[in-house]
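Here is a short report on a predicted model. Please look over the sequence and the structure before reading on.

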Amino acid sequence: MTNGTIKKLVSDRGFGFIESADGKEYFFHRNELETSTDFDRLVGGEQVEFEVGASPKGPQATKVRLT
């Protein structure tokens, strides 16, 4: 698992971006949240952990959950 911080949320479109501890930025979609995490309650600056997966557009965050 990788640690990071929610950098930006685009609530009306259901996605956001996470900045990992090493400074890399990862896209995530609300479908990649663990079931216990509610996208509509997320705010920028929250700490999360996630796995890095592949997508057609490059690496993205998967299995995202609050820490």
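## Thr 37 and its contacts

Thr 37 touches Leu 42, Val 64, Arg 65 and Leu 66, leaving out residues up to four places away in sequence. Contact here means heavy atoms within 4.5 Å. Thr 37 sits in the loop between β3 and β4. Thr 37 is buried, at a relative accessible area of 11%. The classes are buried (under 20% relative accessible area), exposed (over 50%) and partly exposed in between, with a 1.4 Å probe and protein chains only.

## Basis of the model

The model is predicted: local features need pLDDT of at least 70, side-chain atom pairs count only at pLDDT 80 or more, and totals for chains, interfaces and linings use all residues. Residues are numbered from 1 along each chain as its sequence is written, and side-chain values use heavy atoms, with hydrogens and water left out.

## Strand pairing

Strands are DSSP runs of E with at least two residues, numbered from the N terminus. Two strands pair if DSSP finds at least two bridges between them. Strand β1 (residues 2–10) and strand β4 (residues 47–55) run antiparallel, joined by four bridges. β4 also pairs with strand β5 (residues 58–66), again antiparallel, over seven bridges. β4 and β5 form a hairpin, with two residues between them.

Glu 49 in β4 is the bridge partner of Asn 3. In β5, the bridge partner of Glu 49 is Arg 65.

## The nonpolar core

The largest nonpolar core has 11 residues: Ile 6, Ile 18, Tyr 26, Phe 28, Leu 33, Phe 39, Leu 42, Val 48, Phe 50, Ala 61 and Val 64. Such a core is a set of buried Ala, Val, Leu, Ile, Met, Phe, Trp, Tyr and Cys residues joined through side-chain atoms within 4.5 Å. At least two residues of this core come from each of β3 (25–29), β4 and β5. In soluble globular proteins, nonpolar side chains tend to be buried together.

What does Ile 6 contact, leaving aside its neighbours within four places in sequence? The list is Phe 17, Ile 18, Leu 42, Val 43, Gly 44, Gly 45, Glu 46 and Val 48. Leu 42 is also touched by Thr 37.

## Salt bridges

The whole structure holds five salt bridges. Each has a side-chain nitrogen of Lys or Arg within 4 Å of a carboxyl oxygen of Asp or Glu. One of them joins Glu 25 to Lys 7, with the closest N and O atoms 2.8 Å apart. Glu 25 lies in strand β3 and Lys 7 in strand β1, so the pair ties together parts 18 residues apart in sequence. Glu 25 is partly exposed, at 43%. Lys 7 is partly exposed too, at 48%.

Arg 65 and Glu 49 meet in a salt bridge through their side chains, 2.6 Å from N to O. This pair links distant parts of the chain, with Arg 65 in strand β5 and Glu 49 in strand β4, 16 residues apart. Arg 65 is partly exposed, at 32% relative accessibility, whereas Glu 49 is buried at 18%. The side chains of Lys 63 and Glu 51 form another salt bridge, 3.8 Å from N to O. Lys 63 belongs to strand β5 and Glu 51 to strand β4, 12 residues apart. Lys 63 counts as partly exposed at 43% relative accessibility, as does Glu 51 at 32%.
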